[in-house]
Amino acid sequence: MSTPVVLDGGDRRCVQLLLELRRLTLQVPAGTVVHLIATDPAAPLDLPAWCHLTGHTYLGPLPATTRPTYAIQVTADAAATDPDRPWRPAPTAP
């Protein structure tokens, strides 16, 4: 198993975190595990919801970390989301 990719979201809000997470999932190969450090109190709700929307696998919070950290596994067949609003499905062509 390869080393997880760490995305340190610091104290950024989930809107910014999802933008960064979306960008990262497009750059790494399927199967990659991402450890997202996020202190935003909405992260425990927003991250599983985003994974449900996209099809990435939410692995849950990591135990015994100094800052809240959540694990996500990137999937090959993830649903596309809007680049500017990754909490929405990608717009369809007219």
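Let's start with charged pairs: there are four salt bridges in this structure. It is a predicted model, so read everything below with that in mind. The background is simple: side chains of opposite charge can pair when their charged atoms come close.

**Salt bridges**

| Pair | Closest N and O atoms |
|---|---|
| Arg-67 and Asp-8 | 2.9 Å |
| Asp-40 and Arg-13 | 3.7 Å |

Take the salt bridge between Arg-67 and Asp-8. This pair links distant parts of the chain, 59 residues apart: Asp-8 belongs to strand 1 (residues 5-8), while Arg-67 sits in the loop between strand 3 (57-61) and strand 4 (69-73). Arg-67 is partly exposed, with 35% relative accessibility. Asp-8 is partly exposed too, and its relative accessible area is 35%.

Arg-85 is partly exposed at 34%, and Asp-82 is buried at 8%. Asp-82 also gives a handy reference point for Thr-92: the two are 10 residues apart in sequence, and their C-alpha atoms are 9.8 Å apart in space. Thr-92 itself lies in the segment after strand 4 and is exposed, with a relative accessible area of 72%.

**Helix 2**

Now for helix 2, which has 12 residues. From first C-alpha to last it reaches 16 Å, close to the 16 Å expected at 1.5 Å a residue.

Which residues of helix 2 are buried? They are Ala-43, Leu-47, Trp-50, Cys-51 and Thr-54. Looking down the axis of helix 2, you find these buried residues within an arc of 100 degrees, so they line one face of the helix. The buried residues of helix 2 pack against helix 1, strand 2, strand 3 and strand 4. On the face turned away from that buried side, helix 2 carries the exposed residues Leu-45 and His-52.

After helix 2 comes Gly-55, with a positive phi near 100 degrees.

**Strands and a loop**

Next, the strands. Strand 4 pairs with strand 2 in the antiparallel sense over five bridges. Within that strand, Tyr-70 is the bridge partner of Leu-36. Strand 4 also runs antiparallel to strand 3, and four bridges join them. Here Thr-57 has Gln-73 in strand 4 as its bridge partner. As for how covered strand 4 is, four of its five residues are buried, which makes it mostly covered. In a regular strand, side chains alternate between the two faces of the sheet.

The loop between strand 3 and strand 4 is where you find Ala-64. What about its backbone? Ala-64 has a positive phi of about 55 degrees although it is not a glycine. For context, most residues other than glycine have a negative phi. Ala-64 is exposed, at 87% relative accessibility.

**Cysteines**

The cut-off for counting a disulfide is sulfur atoms within 2.5 Å. Seen from the other end, the sulfur of Cys-51 has its closest cysteine sulfur in Cys-14, again 11 Å away and too far. Cys-14 is buried, with 5% relative accessible area. Cys-51, one of the buried residues of helix 2, has a relative accessible area of 2%.

Note on methods
Residues numbered from 1 in each chain as written. Predicted model: local features only at pLDDT ≥ 70, side-chain atom pairs only at ≥ 80, totals over all residues. Heavy atoms only, no water. Salt bridge = Lys/Arg side-chain N within 4 Å of Asp/Glu carboxyl O. Helix = DSSP H or I, 4+ residues; strand = E, 2+ residues; numbered from the N terminus. Buried < 20%, exposed > 50% of the residue type's maximum accessible area, 1.4 Å probe, protein only. Expected span 1.5 Å × (residues − 1). Arc of directions from axis to C-beta. Contact = heavy atoms within 4.5 Å. Pairing = 2+ DSSP bridges.
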